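Trainee: I'd like a close look at one part of this model. Please keep to where the two chains meet.

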Number of protein chains: 2
Amino acid sequence: MTIYLDAMGGDNAPVQIIEGAVAAVAEYGINVTLIGDEAVINNVFENRGLSRSGIDIINATEKVEMTEEPVAAVRKKKDSPMVRGALLVKGSHEDAFISAGSTGAVLAAATLYCGRIKGVSRPALGTLVNIKKPVMVLDNGANADCRPEYLDQFARMGAAYIKAAAGVEDPKVGLLNIGTEDIKGNALIKEAFGLLRDDPKVNFVGNVEASGVFDSDADVVVCDGFSGNILVKAVEGTAKLTFGIVKDVLMGGALNKLAALIIKKDLYEKKDLLDPRAYGGAPLLGTNATVIKAHGNSDATAIKNAIRQADKLVRAGMLSALEEAIKQQEENR
Amino acid sequence: MTIYLDAMGGDNAPVQIIEGAVAAVAEYGINVTLIGDEAVINNVFENRGLSRSGIDIINATEKVEMTEEPVAAVRKKKDSPMVRGALLVKGSHEDAFISAGSTGAVLAAATLYCGRIKGVSRPALGTLVNIKKPVMVLDNGANADCRPEYLDQFARMGAAYIKAAAGVEDPKVGLLNIGTEDIKGNALIKEAFGLLRDDPKVNFVGNVEASGVFDSDADVVVCDGFSGNILVKAVEGTAKLTFGIVKDVLMGGALNKLAALIIKKDLYEKKDLLDPRAYGGAPLLGTNATVIKAHGNSDATAIKNAIRQADKLVRAGMLSALEEAIKQQEENR
C-alpha cells in the first residue's frame, strides 16, 4: 500500500504537510509518498531536521493555486501533485491519495483522472463527524445542484463508507430536511424522500433536522452539496464561536483564570469533538480511487489523522464496497 | 397600539404564554390582548394568582394543532387565535400579532388573512441573531423553494427591517453561499448574486459562508428558506451541544465542580448569546401586518421578549418601511 500525499496543497503547506507525514510514519508505521517540488521538500527536511525514513518523494513541478478555476487548472497542470496523485491511484484498491489543496481542484482532478465508479452519476464529498457516534454527512459541496437520484446514490455510498470506516452494520440513512414530517422540504428533497423510502438497499430512517444531526439515529445524513456545506460550516463556525465565548469567560478575571486552570485539560480534549480536522478529512466517494480531501487549514496533526484514515479505508476495502453498493443499485432497476 | 398574543400556541401554552404577557405588562408597560379559550385563560390567571392589569382577552374557541396541514387548518378554523389575530392586525400600522404555534400555520394565516404588501412575491420569515452585532437571516423556512428574484426582495425587506429594528443605516446585505468567491453556488444562488449586485437599492457585500455569518460585515444574510433553516437550526443545535459538552466537563469531578461554581454566572449570561429565544422570535416580512412567530418552545421570558420586539417594530414603523422598500423596487423596474 502507498499513501500519496500532496505536499504543496493547503494553507500550511509544505511544512505542516511534511511534518504530518513524518508523524504518521513514526506513530503508525504507515509509508507515505510525498508529491511536490522536490527541492522545496528536501529543504523542509533539512531545515527541520526531519527523518526521511519511510518517506518517498515524487517530484512535481507545477502547482494548482487556490484562485485558479479548478477544471481548467487540473486540465492544464499535468505535472501538479493533484494530477500526478490522481493518476497514481486511479483504479487502485491498494493505494490512496490525500490533498489539502483547493476542494474544487481535488474534485476535478479525481473525477477527470481517476474516472467514476461504474454507475455513479456524481461523486460526492463526505464529512465524518464523531460527536456521539460517527455520522457521515454527504454531499458536502461537490455538487451544488443535485437531482433526487443523486441523493439515493449518496445514501448507498455513504452507507458503504461508514460500514468500511467504522464497522457499522446496515447503517441507518437520514435525509437532511427542514422538519421531521414526511411532507417537509423543497422540491428536490421531497422527491429524494420517495426514492430513499423505496430503495430496498437503503435503511432509510426519514428526515433529520440540522439541529438534530448529531443526536439522530442516522449513521449517514444525505443532502445536496449546497445544504451539506451550509450545515457542516455552520457546525464548525458555531463550535468555534461557542468555545471562544467560553474562553473569554475563562479569561475574565483572576478567579475565572483559576477555574480555567482546573478545567483546561478536560475542555481541550472535548474541543476536538467538534473540530472537523480531528477526523482526518473528507473522503471523496464515487471516483474510481480512494481520495481524501484534507481541510485547507490542516496542521500536521490533521494530516497525520488523514493518513491514518486513508490507511484504514484501503485496508477495509472501501473502494470495493462502493463498487458493490452501486452495482446492486443498477441491478435493482 | 395593541399587541395581540396567541395564548394557545406553542409547547408551553397557555401557562408560559400568559406569564410572558403578564411580565411584559409589569416590566415594559406594554398592553397585551390574549386570544384563546377564555375559560382556560381565566383558569391560569386564577390558579397562578396573576395580575390582569393591562391585559385583555378575546375568546377564540378553536385551535390549530401542530399536526394539521397548515393551509387547510387556517382556512377551516376561523375562530382560532391565529385566524382571529391575523384578521385583527390586517393592514394595521399600529398593532402586532405574536404566535408560538405551528410555523406553517402562522405563515398561512398571515398570508391568507392579512394579504401581502403590494409588490411582494413571497413573505419571508426572518431570524435575528445578535452575537457580535444584530444579523438578520432570511428566509428561514417560509419558502423552501425560491426563485432568484425572491432573494432580492428578501434583501430589501431584511434591510428595511434591520434599519427599523436596530437603527442600522444603509444595512449591508450578504448572500449565504458555499464559498466567498463570486462564481460559487448552485444555480439559484448564482442568479441571485447577479440580481443583488445589480440592485441599486441593495448595499450588497457579496457571499457569506455559513461558518462566517456572525463574523461577516453583513447586517442581513439572504438565502432560500431551505438553506436558511439548515443554517439557523445548525447554529442552534451546535451551540446547545457545545454548551452541553462544557457542562459535562464542569460536572466531571470535585475540582471541576469548583471551577463550575466560579464561572457559572458569567457563562450563563453568555449562553443566551446563542439562544434564538433571547431575540423575541422571528418576524414575518412581506405580509400586510406586523406578525411575529415566537419559537415553539418559548417560555415566559421568550414571550416577554417577543412582545417587547413587537412593540419596538410598531413604534419604528416597520410596516411602512417594508412598503417603501418594495415600492422603490417596483419603480426601478
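Is the crossing of helix 9 of chain A and helix 9 of chain B left-handed or right-handed?

Mentor: The crossing of helix 9 of chain A and helix 9 of chain B is left-handed. That term applies when the near helix is turned anticlockwise from the far one by less than a right angle; clockwise makes a crossing right-handed. Before the details, some ground rules. This is a predicted model, in which local features need pLDDT of at least 70 and side-chain atom pairs count only at pLDDT 80 or more, while totals for chains, interfaces and linings use all residues. Residues are numbered from 1 along each chain as its sequence is written, chains are lettered from A and ligands numbered from 1 in the order in which they are written, and side-chain values use heavy atoms, without hydrogens or water.

Now the geometry. Helix 9 covers residues 254–271 in chain A and residues 254–271 in chain B. Helices here are DSSP runs (H or I, at least four residues), and strands are runs of E (at least two), numbered from the N terminus. The two helices pack at an angle of about 130°, with their axes 9 Å apart. Axes are lines fitted to C-alpha atoms, for helices over the stretch in contact, and angles run from 0 to 180 degrees between N-to-C directions. The pair is therefore oblique. Angles under 35 degrees count as roughly parallel, over 145 as roughly antiparallel, 65 to 115 as roughly perpendicular, and the rest as oblique.

Which residues touch? From chain A, helix 9 brings Leu255(A), Asn256(A), Leu258(A), Ala259(A), Ile262(A), Ile263(A) and Asp266(A). Helix 9 of chain B brings Leu255(B), Asn256(B), Leu258(B), Ala259(B), Ile262(B), Ile263(B) and Asp266(B). Contact means heavy atoms within 4.5 Å. By class, this contact has 10 nonpolar, 2 polar and 2 charged residues. Nonpolar means Ala, Val, Leu, Ile, Met, Phe, Trp, Tyr, Cys and Pro; charged means Asp, Glu, Lys and Arg; the others, Gly among them, are polar.

Next, the symmetry. A rotation of 180° with 0.0 Å of shift along its axis superposes chain A on chain B, with RMSD 0.1 Å. The same surface serves both copies, with 100% of the contact residues of chain A recurring in chain B.

Helix 9 of chain A also packs on helix 8 (residues 225–250) of chain B, at about 145° with the axes 10 Å apart. That crossing is right-handed. Ile263(A), Asp266(A), Leu267(A) and Lys270(A) meet Ile245(B), Val246(B), Val249(B) and Leu250(B) there.

Finally, the whole interface. In total, 45 residues of chain A contact 45 residues of chain B. The buried area is about 4,100 Å², with 78% from carbon and sulfur atoms. Buried area is the accessible area (1.4 Å probe) that two parts lose on being put together, summed over both. Ile178(A), Phe226(A) and Ile230(A) supply 16% of the area that chain A buries against chain B, more than any other three residues.

Terms used: Least-squares fit on C-alpha atoms with pLDDT ≥ 70 in both.
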